[in-house]
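Okay, everyone, thanks for coming.

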Amino acid sequence: MKVLVTGAAGFIGSHTAERLHTLGHEVVAMDNFSSYYDVSLKKLNAKVLLEKGIEVQKMDLRTGDLSEIITNDLEAIFHFAAQPGISASSTFEDYFSNNILGTQRMLDVLETFDEKPFFVNIATSSIYGLKATLSEDEAPLPASWYGVTKLAAEQLVLAYSRRGFLKSTSLRLYSVYGPRERPDKLYTRLIDCGLNNKPFPLYDGSEKHLRSFTYVQDIVDGIVSVLAHQEVSNGQIFNLGTEEENTTATGIAVTEEILDKKIDIDQQPARPGDQSRTKANIDKARKLLNYNPQTGLKEGLEAQVAWFRENFM
């Protein structure tokens, strides 16, 4: 099967592209190599993929000639490319143009095809709002520009399914961690601070936040599973994550245990729009996709620490 992965030089996108290649699919990969975080990490991910025979093409969904990568012989698209996270340095225009307009430009191209690929939209638990504990059929209450625009992008894609123009599904991911995690995310920052004797910025109250910290390979299991369940997945939304909850404080303690050292904490003001709790309700994914995440927090963090030591120490 010929598949396109957008955002393929990113954290989860690169792992998914790699898994699809391992499964025998022909992978077309693209990324705009945004400077939202250190581009050197994206280049490192792209190098790993290139060594496996996957070339990541530089392309911006907002401005590029999408006909170069979205061709009528594609059989599936995994759409990761987005303006990620909750960041004071990102404007509403950043979220709107990347998450909504970029997605719509892809759909505009697909609308011209007689045979359309299966479209897998990668969404987020931030769609649910400050407490992401809901099932897929409950009303979302996003509380950030990120959540609002990712919800809009999801609904754009699903609208095409409702009208019968293409088959698609949307996957809402929960608190993913592991090797290649972005440098602005919790565990890469913790590991960096611990190994390099730097203070870790902790937002007020966040040590009590509960999260479904989900190891990246468990997430990828769920993502690629939809290829074998296209009919049942069409027009559907699935939560993907672990049902196990841990506080941020527990995550800090486990990281300190693995590193065998105490991490200095630099207390920072709370971030508006940050979620106080995420707990993945994966009943639907278990039933329809046979989804069953297995990796415990310590096991996953040991792999992430090993990756960090190998690449940055």
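So, what volume does the largest cavity have? It comes to about 30 Å³. And before I go on, please keep in mind that this is a predicted model. The count is one cavity of 30 Å³ or more.

Who lines that cavity? You'll find Phe213, Thr242, Glu244, Asn246, Thr295, Gly296 and Leu297 around the largest cavity. Sorted by class, that lining has two nonpolar residues, four polar ones and one charged one. Glu244 is the charged one, since Glu counts as charged, and Phe213 and Leu297 are the nonpolar two, since Phe and Leu count as nonpolar.

Let's zoom out for a second. Along the principal axes, the C-alpha trace spans about 60 × 45 × 40 Å. For secondary structure, we have ten helices and 15 strands. And of the 313 residues, 56% count as buried.

Now, the aromatics. How many aromatic pairs does the structure hold? There are 13. Take Tyr36 and Tyr37: their rings are 6.3 Å apart, centre to centre, with 80 degrees between the planes, and that makes the pair edge-to-face. These two are neighbours in the numbering, but look at their accessibility. Tyr36 has a relative accessible area of 22%, so it falls in the partly exposed class, while Tyr37 is at 9% and counts as buried. The cut-off for buried is under 20%.

Next up, Phe92 and Phe96. Here the ring centres are 6.0 Å apart and the planes sit at 25 degrees, so this pair is stacked; stacked means under 30 degrees. Both residues are in helix α3, which runs over residues 92-110, and they are four residues apart, about one turn of the helix. Phe92 is partly exposed at 37% relative accessibility, and Phe96 is partly exposed too, at 28%. The picture goes beyond that pair, though: ring pairs link Phe92, Tyr95, Phe96, Trp145 and Tyr146 into a cluster.

Where does Arg163 lie? Over the face of Tyr160, 4.9 Å from the ring centre. Then there's Lys284, whose charged end sits over the ring of Phe238, at 5.2 Å from the centre.

Note on methods:
Residues numbered from 1 in each chain as written. Predicted model: local features only at pLDDT ≥ 70, side-chain atom pairs only at ≥ 80, totals over all residues. Heavy atoms only, no water. 1 Å grid on protein atoms, 1.4 Å probe; cavity = no way out; pocket = protein on both sides within 12 Å on 5 of 7 lines; lining within 4 Å. Points joined across faces, edges and corners; volume = space filled by probe spheres on them. Phe/Tyr/Trp six-rings, centres within 6.5 Å; stacked < 30°, edge-to-face > 60°. Buried < 20%, exposed > 50% of the residue type's maximum accessible area, 1.4 Å probe, protein only. Helix = DSSP H or I, 4+ residues; strand = E, 2+ residues; numbered from the N terminus. Lys NZ or Arg CZ within 6 Å of the ring centre and 35° of its normal.
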